[in-house]
Amino acid sequence: MQIEERLKELKDKINEKVPNGIVVNQVEFEGPELVIYTEDPKRFADEADLIRILARDLRKRIVVRPTILEDPEKAAIEIKTVVPENAGITDIFFDPDTGEVLIEAEKPGVVIGKNGITLREITKHIGWTPKVVRTPPIESSTVKQIRQYMRHVSEERKQFLRTIGRRIHRDIPSRGDSKDASKKDQWLRVTTLGCCREVGRAAFLLSTPDSRVLIDCGEKPDNAGGTPYLYVPEIHPLAQLDAVVLTHAHLDHCALIPLLYKYGYEGPVYATPPTRDLSAMLQLDYLDVIHKEDRKVPYSSNEVKTYIRHSIPLNYGSVTDIAPDIKLTFHNAGHILGSAIAHFHVGDGMYNIAFTGDFNYSKSRLFNPAINQFPRLETLFMESTYGGANDIQPARSDAEAKLYETINTVLSRGGKVIIPAFAVGRSQEVMLALEEGIRLGKIPQVKIYLDGMIREATAIHTTYPEYLNNELRNQIFREGMNPFLAECFQQVDSQVLREKVIAGDPCVIITTSGMLNGGPVMEYLLNLAADERNALVFVGYQADGTQGRRIQKGWREVPMGRKGTITINLQIDTIDGFSGHSDRRQLMSYVSHLQPRPEKIFCVHGDENNTIDLASSIYKRNHIQTFSPMNLETYRMV
Ligand SMILES: [Zn+2]
């Protein structure tokens, strides 16, 4: 059936279901949504359950937009009349191209109202479709710029969403039913393009006879600029890929997504809203770091913009058509802000496959544990960073006690503590532990300097509190209790201040990059490594080939490129237990608690020994078929 016919059929079905007199003028696919244009948006809003019923019956995500729009100035006044004042509206933006009004408020829940009642009230009064976003309690320049940019390109984006919508709902040849011999034409394959028997450069290609989806596209964090195997014929031409799905914002998963646009990809990237914002921030920082090191920059900030323009944000739990035969649902992975396990429902119930990305199966200061229940699941691709038999992480409380002890020792002998950390995730965990340590008197009132993108990443965390666990969310919104705004923290935002910190009093410095492959941490190391009173404390995983791994292994003379060689005299400590990853016990426990039990598990994203060991242990204990694939292999699922 042609797309126009299908839209007409959908329009007829909708007309059958809406009460008499409501006029449906047009229906259109826009991205993964079905948009109903009507001159009666107010009456649509009157029927509280109508959109929900249509969504259920048509199995589509439904959006209603008005065909005729009220004057924005008048509409703004009406919004302020309808919404209670304590919502704290900070901005109202009307987009005539989509018929949407974006309301930015300190308390989005108040603008929405119980069961969406206030939102419906707004629609009834003004016709425009309201969308509500939170005003960040700590202003993030990334979030601000992305919101402004999206307004700026709204016309182009509407066209893009229509093109993608039609592509998602295009006709595919019938593959027959189970009685039919043509069933053998149905298949599902996964090709491994990176992060197999290694950590970093995550990339997988999921393909069916009718569609292809790329999951993650990261770099290898070893200074060699390792990229996934993007030149294999399976993923070309890139222009014909249906979708890119991003599990989370760490560079070993997202760094090379903008490169795809440079090489001809034109489709969408699906990610949670925080992943979209954090990944753009980290990609721009990544370009900056490479530039400063005189390495070859793989793409420019223009391609980061192109990526943002093509992003389609999805929240956890929202089942979304991304190709004619593939539905995607994101679930909490507990690893960093917005991190997701990507679950794919392929064919009409033919097969279910999930990719964990990086995940944490224990509760942290920031997040709830990763989700282990799925409606259906035949195959799981799971990370194995700490998959080795001896990769047991201490409890979080023990790790914090050890960190306090190290800080006390170093400060009392007049030294400084350098903590290299990923800007996203580990930094915030350590910040929360230190803030509490100072508040409860477990460590002295010491200045904690944040250098690199940490402050900006923290601001993005406070923009999306619904992605944090309940305790932290409540703290952030209680007056004067936001731990991220505590007095002990100070951002280092200039070279002058950096030099002052280096020359100044004993202190704690949390800085990027987490594996010492570039970033401001290198300057602190260069200046502070010779003094044995100081300490370098690793709180995160150090991948093979990074400076961090070398120093951790005991190198005492470390080559630093043009800057010569540095001699390491300072104390080197590794404090495990702050990791955003599951350790060996949690990985095994996760598999045992999976519902339903999958038929196959692929252990990926871990050193060679770890993935092999984890795969064989899962097989022995759970009697599930396991694999420890290598890069560039293709597996047929069905
Ligand atoms: Zn990660």
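So, Met 382 stands opposite Cys 603 in strand E26. This is a predicted model, where local features need pLDDT of at least 70, side-chain atom pairs count only at pLDDT 80 or more, and totals for chains, interfaces and linings use all residues. Residues are numbered from 1 along each chain as its sequence is written.

On terms: two strands pair if DSSP finds at least two bridges between them. Helices are DSSP runs (H or I, at least four residues), strands likewise (E, at least two), numbered from the N terminus.

What about the other neighbour of this strand? Strand E16 (residues 351-355) also pairs with E17 (residues 379-383) in the parallel sense, here over three bridges. Within that pairing, Thr 379 in E17 is the bridge partner of Ile 353.

Now, which way do the residues of E17 point? Thr 379, Phe 381 and Glu 383 go one way, Leu 380 and Met 382 go the other, and all are buried. Buried here is a neighbour count: 20 or more other C-beta atoms within 10 Å of the residue's own, with exposed at 12 or fewer, partly exposed in between, and C-beta atoms placed from the backbone. Five of the five residues of E17 are buried, so the strand is largely enclosed by the rest of the structure.

Zooming out, the order E13-E14-E15-E16-E17-E26-E27 makes an open sheet of seven strands with mixed pairing. At the edges stand E13 (320-323) and E27 (625-627), each with a single partner strand, so each has one side left without a neighbour in the sheet. From one strand to the next, the twist averages 25°. Helix H21 (608-622) lies across E26 (600-604) and E27, at about 160° to E26. Axes are lines fitted to C-alpha atoms, for helices over the stretch in contact, and angles run from 0 to 180 degrees between N-to-C directions. Contact means C-beta atoms, placed from the backbone, within 7 Å.

Next, the other sheet. Six strands form an open sheet with parallel pairing, in the order E20-E19-E21-E18-E22-E25. Its edge strands are E20 (489-492) and E25 (571-574), each with a single partner strand, so one side of each has no neighbour in the sheet. Tyr 449 is opposite Ile 509 in E21. Helix H18 (521-528) packs on the sheet too, touching E18 (417-420) and E21, with its direction at about 150° to that of E18. Helix H17 (495-503) lies across E19, E20 and E21, at about 125° to E20.

H11 (273-292) and H15 (454-463) pack at about 170°, axes 10 Å apart. That makes H11 roughly antiparallel to H15 (over 145 degrees; under 35 is roughly parallel, 65 to 115 roughly perpendicular, the rest oblique). Pro 274, Asp 277, Leu 278 and Met 281 in H11 meet Glu 456, Ala 457 and Ile 460 in H15.

Last, domains, with bounds from an automatic or database domain assignment. We have domain 1 (3-164), domain 2 (185-390 + 581-629) and domain 3 (396-574). The C-alpha centres of domains 1 and 2 lie 31 Å apart. Twelve residues of domain 1 are in contact with 13 residues of domain 2.

Conventions: Two residues are in contact if their C-beta atoms, placed from the backbone, lie within 7 Å.
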